[in-house]
Amino acid sequence: MRPGRRKSWLRKGTLSTGDLPKRIGSATSQSSAIINDRLQELVKLFKERTEKVKEKLTDPDVTSDDESPSPAPTAPPPPPPGEVPPGDKAAGDEHYCEMLCCAFKCRPWLDRLKSYQFPSSIDPLTNLMYVLWLFFVVLAWNWNCWLIPVRWAFPYQTPSNIHFWLLVDYLCDLIYLLDVIVFQTRLQFVRGGDIISDKKAMKENYLHSQRFKMDVVCLLPLDFFYFKVGVNPLLRFPRCLKYMAFFEFNNRLEAILSKAYIYRVIRTTAYLLYSLHVNSCLYYWASAYEGLGSTTWVYDGEGNSYIRCYYWAVKTLITIGGLPDPKTLFEIVFQLLNYFTGVFAFSVMIGQMRDVVGAATAGQTYYRSCMDSTIKYMNFYKIPKTVQNRVKTWYEYTWHSQGMLDESELLVQLPDKMRLDIAIDVNYNIVSKVALFQGCDRQMIFDMLKRLRSVVYLPNDYVCKKGEIGREMYIIQAGQVQVLGGPDGKTVLVTLKAGSVFGEISLLAAGGGNRRTANVVAHGFANLFILDKKDLNEILVHYPESQKLLRKKAKKMLKNNNKPKDVKGQPGSPLIIPPKADTPKLFQAALAAMGKAGGKGRLAHLRWKLQELKAMQTAQVSVGRSEIRLLCGVMSGCITTGARENQPLRPSFCFSPRVTAEEPLKAP
């Protein structure tokens, strides 16, 4: 062999011999990693399947992982033939009015008036249109009550303005007549617990009532005597007997006002002013009867007659003194009656005003008394000032934010149905969003709403602490709370705002989940709704299906919270088949030198060992593939057992894996 060819052959042999350990190490590590990933996935699937089967065996209530199906939305019924759909009808009725540079979408008021239909029956308790009508009736009644005495006593009604007085009088009579014919005959009433809305029955009920008799007396046509005695305002005195409409208007208006005590104060003040008004009219009549300016007691006829007589009436009714002494017997009797009437009327007015103001401030008085009693208690036991200041702050914030100290006190007297309606309007939108209660019985949620109680937390107050037993669920109504954690327990993990819910898993105490896992602190003032575990258990007794669903959800939520996050390639994760380490570079250089030496000596023996190791790794890869096929066969149910009882299990594969390996080389 020529030297050049031998060198080229040695050079080729050196390259192939040096690349051999690299190729063996890379192939072995790559195949080991693939097998390890696949086996980890299979083990994970087996574990999940085993946990599901175990859960079904231990808890027979668990049926599936799916939640209760929500009902599909029902399609609206098709419109009858020949009728325009509501959307098209609304689009057709749109009317655009252009004003200046803007276009406004509206319907003409004339079309609204034409399309309006007067109701066949009126609910006197809730119909606001009826309350508005009563306002006009009371306005007409006040015209008669205030101005009939003035027109009778003072010379304000003259032939020059008589037409104005008669026009307003007959307008008030028209309002009285419309009230009798149109409104009072359409009022619903209760008979035997049923609301009667039949036209004939409503009309008969009004005709047989005491109010109809008073309305007839009010509308007596005494005005025909004008032709004989002249326009005398006293003939219209029966119009003042429509007082029942006035008291009904008071009741209806107080029912719809948010601060009814303000109207009560105004009404009581009007009572006092009206009594002074009537007394001033009587004083002017007595002065005219005795003769204006005839004595020092009567009105002398100077200045504004009404203002001066009203001033005299105020001094008389309030009995502040400084009045001239009466001279005649008529004046003495009139003055005595004035004094007696004034003392009685004024005392009644003052007492009624006291009751009105006391009722308006009853809540604040109760709040002050509770706060004073608490402060007295804390001072007696020498409570630290910091605690006392926090208690005072809680009282003040609770009163100013809610207007009361305990909301449940107002709802105790209401029946369950009304309490439920109020609770639904206040809390249902929040509770229905809680993941734990989704899919539960709707009636169970309604019963749960009635058990919620409101609690106010001050800034930096601990709502719950880590490690304590959880017996409540919290719903944030107003304010914010912070979840604290970290090594020092002061790191803000998350901030929960209004509408958030926490502590719901602790209600069911599933799997030891009744321990708090973090500290929750109020960030500022926070108003929370609290549901006790005891109340929830009393409710779930009547709803077994919801109890099963809640138990299942609580376990699932607790498992998800406690499950560690798996990170692919995380250091420290166990490997089923650890990869082989690559061949060291020094050993590769020695193999290369051995190849140049001609394949003799100790290095040649190491080369033979390395090739034998390669064959063993190839066999290991084949065995690993066979194990994967074996596991797949187990999953697909291809393993069969022996026919006899005492015969040991014998696997029968659906396929026959062929394991091949290179034969070990003989040592030189």
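Lys-465 lies over the face of Tyr-462, 5.0 Å from the ring centre. In this predicted model, a further contact of this kind involves Lys-242, whose charged end sits over the ring of Tyr-176 at 5.4 Å from its centre.

Contacts between aromatic rings are the second topic. A pair of aromatic rings is described by the distance of the centres and the angle of the planes. The search of the whole structure finds 33 aromatic pairs. Among them, Trp-394 and Tyr-395 have ring centres 5.3 Å apart and planes at 80 degrees, so this pair is edge-to-face; an angle over 60 degrees places a pair in that class. Trp-394 is partly exposed, whereas Tyr-395 is buried because its relative accessible area of 12% falls under 20%.

Tyr-397 and Phe-525 form a stacked pair, with 4.1 Å from centre to centre and 15 degrees between the planes. This pair links distant parts of the chain, as the two residues are 128 residues apart. Tyr-397 belongs to helix α14 (residues 385-402), and Phe-525 to strand β10 (residues 519-532). Tyr-397 counts as partly exposed, and Phe-525 is also partly exposed.

| Residue | Relative accessible area | Class |
|---|---|---|
| Trp-394 | 28% | partly exposed |
| Tyr-395 | 12% | buried |
| Tyr-397 | 25% | partly exposed |
| Phe-525 | 30% | partly exposed |

Elsewhere, ring pairs link Trp-152, Tyr-283, Trp-285, Tyr-289, Trp-297, Trp-312, Phe-330 and Phe-334 into a cluster.

Definitions and conventions:
Residues are numbered from 1 along each chain as its sequence is written. This is a predicted model: local features need pLDDT of at least 70, side-chain atom pairs count only at pLDDT 80 or more; totals for chains, interfaces and linings use all residues. Side-chain values use heavy atoms; hydrogens and water are left out. Rings of Phe, Tyr and Trp (its six-membered ring) pair if their centres lie within 6.5 Å; planes under 30 degrees apart count as stacked, over 60 as edge-to-face and the rest as tilted. Buried means under 20% relative accessible area, exposed over 50%, partly exposed in between (1.4 Å probe, protein chains only). Helices (H or I, at least four residues) and strands (E, at least two) are DSSP runs, numbered from the N terminus. A charge sits over a ring if NZ of Lys or CZ of Arg is within 6 Å of the ring centre and within 35 degrees of the ring normal.
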